[in-house]
Amino acid sequence: MNGGKARNRTGDTRIFSPLLYQLSYLAMRERGAANEARGGTSTGFLPPGGTGLPRWSRLDSPRTVLHRRAMPPSTVGRCLDVLRCPVTREPLTFLSEDEIAAANRDLAAGRRLLRDGSAARTPLAGALGTAGRAFIYRVEDEIAWLLPSLALVRPEAATAGLAAEKGLVKSFYDDFGWVKKADGRFNDTAEFTIPGAVVQDYRRHCNARIGRLLGGGRLLLDAASGAIPHQEYLAFSAGYDIRVCVDFSIRALNEARAKLGDRGLYLLGDLTCLPLADGSVDSAISLHTIYHIPPGQQTTAVDELARVTRPGGRVVIVYVWGRSLAMDVVFKLRGWLGFVRRFGRPSPVAGPGGDAAASSVPSLYFRPQNHDWFARDVAARHSARLRVWSAVSTAFQTRFFTGGVAGRLSVAVVKALEAALPALAGRFGQYPMFIIDKP
Ligand SMILES: C[S@@+](CC[C@H](N)C(=O)[O-])C[C@H]1O[C@@H](n2cnc3c(N)ncnc32)[C@H](O)[C@@H]1O
């Protein structure tokens, strides 16, 4: 937006049409807010270097569209009982319109900042807060921003940003992973899954194992839901009223919301400090994510999933071992048994599943641990058991799950072994499931 001179231009509809003015105002605010969630500098509607005060003062008018949008969004409102401040674990309530106006004045004047110390340059339209309003969280388009680093706090409490490793993963997904390619696939899916009917069928077969472990109830937590990239993932929440999608990528949540609509609750949050009450969900899943968390906090993420699941409920985690004995043996044997070569050419191993990754792909932080960590920090503390999600790595699938008879035969052998020995295949294969039944 420009200054007064520009506003007097002939044809500037903002002078003549209050409705159009408000719509363009909202569009700019939303672009700014989305940028803030990605961790960038908000474009908002403030001129660079300007004080912005005249713009902020528009929020004080009781006639603005923004005030009407301060109404509690529906799904967030229906699930308010389970939401908690991720920093203090206090219950949260919606700010009134007067409180939002006051918070916006504070943001504009720098009396309230993002907890990472940066200025929040985008005004609030709706918000949740702790009882004394020490922590205020933006609610925007049915997404509650319950990420500690994005809490709006007094300057003296602005002490903590997102850890560097988490920032790398968040940027990967906001700026690349959940961006769609021209063919409609997400970059993440294109880079880390293998095309081909045989492999896709095997993936659905593995995912069906997760579905069979879930029941029904009010809430299914999908911790690090991402964009819910596979069609069969939608079936996991069929028996639940609401799927609670938590992710720290705003792009992931926008995509998840496009798929689930008002059957989802969308929380911008961190798995290591879930913004949910103890025992508040019936079941929880976390698929292909905990190994993207720094190793020192992976146990915390598992503890958090167990904490928020109700007694009698179940947690299912899909993990990848740093090393798999079965895959080590197969690839050592491959060197000795020349005939195996006809199944396909080796591809470079990179990324969580050991996939080929083109050099243009930004690197993705991941730190998979081994069974000793599981035994010491997960099984011993939560009486978790191991089952197989997939015994074989993506490198194995690339080489052996080809089209044709040989590929189909390989899949059949792997499926049969996994079905006969699910615990051993989870222990020594590549991708285990951790199953925690809450006592
Ligand atoms: C590999 S994707 C998995 C997505 C989905 N669960 C699936 O199976 O396709 C990892 C997702 O975890 C999210 N993520 C990683 N670490 C997180 C954390 N500490 N808190 C919240 N989300 C996180 C990323 O933003 C990304 O959407």
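Modeller: A residue is called buried if 20 or more other C-beta atoms lie within 10 Å of its own, exposed if 12 or fewer do, and partly exposed in between, with C-beta atoms placed from the backbone. The model is predicted: local features need pLDDT of at least 70, side-chain atom pairs count only at pLDDT 80 or more, and totals for chains, interfaces and linings use all residues. Residues are numbered from 1 along each chain as its sequence is written.

Colleague: What percentage of the residues in the protein is buried?

Modeller: The protein has 439 residues. Under the definition above, the buried share of them is 43%.

Colleague: What is the mean pLDDT of the protein?

Modeller: pLDDT is the predictor's confidence in each residue, from 0 to 100. A value of 70 or more is reached by 78% of the residues, and the mean is 83.

Colleague: How many contacts does the model have for residues 41-69, beyond near neighbours in sequence?

Modeller: Two residues are in contact if their C-beta atoms, placed from the backbone, lie within 7 Å. The pLDDT is below 50 over residues 41-69. Residues 343-358 also stay under 50, with 35 contacts beyond four places in sequence. For residues 41-69, the number of contacts is 44.

Colleague: How many helices and how many strands does the protein have?

Modeller: Helices (H or I, at least four residues) and strands (E, at least two) are DSSP runs, numbered from the N terminus. On that basis, the protein has 13 strands and 17 helices.

Colleague: Which residues have the most contacts inside the largest nonpolar core?

Modeller: A nonpolar core is a set of buried Ala, Val, Leu, Ile, Met, Phe, Trp, Tyr and Cys residues joined through C-beta atoms within 7 Å. The largest such core has 103 residues. At least three of its residues come from each of domain 1 (4-47 + 69-157) and domain 2 (169-437), with bounds from an automatic or database domain assignment. Those with the most contacts inside the core are Ala144, Val244, Leu268 and Ile317.

Colleague: Which helix gives the largest share of the shell around the ligand?

Modeller: The shell has 20 residues, and the closest are Tyr173, Ala224, Gly226, Ser249 and Leu287; a residue is near a molecule or strand if its C-beta atom, placed from the backbone, lies within 6 Å of it. By type, the shell holds nine nonpolar, seven polar and four charged residues, where Ala, Val, Leu, Ile, Met, Phe, Trp, Tyr, Cys and Pro count as nonpolar, Asp, Glu, Lys and Arg as charged, and the others, Gly among them, as polar. The largest share, four residues, comes from residues 164-177, helix α8.

Colleague: Is Phe176 partly exposed or buried?

Modeller: Phe176 is found in helix α8. Beyond four places in sequence, Phe176 is in contact with Asn187 and Pro362. Because Phe176 has 17 C-beta neighbours inside 10 Å, its class is partly exposed.

Colleague: How many of the 11 residues of helix α11 are buried?

Modeller: The buried residues of α11 are Ile250, Arg251, Ala252, Leu253, Glu255, Ala256, Arg257 and Leu260. Helix α11 (residues 250-260) is therefore largely enclosed by the rest of the structure, its buried residues numbering eight.

Colleague: Which residues is Arg257 in contact with, leaving aside neighbours within four places in sequence?

Modeller: Arg257 lies in helix α11. It counts as buried because it has 21 C-beta neighbours inside 10 Å. Its C-alpha atom is separated by 8.8 Å from that of Cys245, 12 residues away along the chain. The contacts of Arg257 are with Glu142, Gly264 and Tyr266.

Colleague: What is the phi of Asp141?

Modeller: Asp141 is found in the loop between β4 (136-140) and β5 (143-145). With 16 other C-beta atoms within 10 Å, Asp141 is partly exposed. Its phi is positive, in a residue other than glycine, and is near 55°.

Colleague: Is Ser383 exposed or buried?

Modeller: Ser383 lies in the loop between α14 (371-382) and β12 (384-390). Its phi is near 40°, a positive value in a residue other than glycine. Ser383 has 12 C-beta neighbours inside 10 Å, so it counts as exposed.
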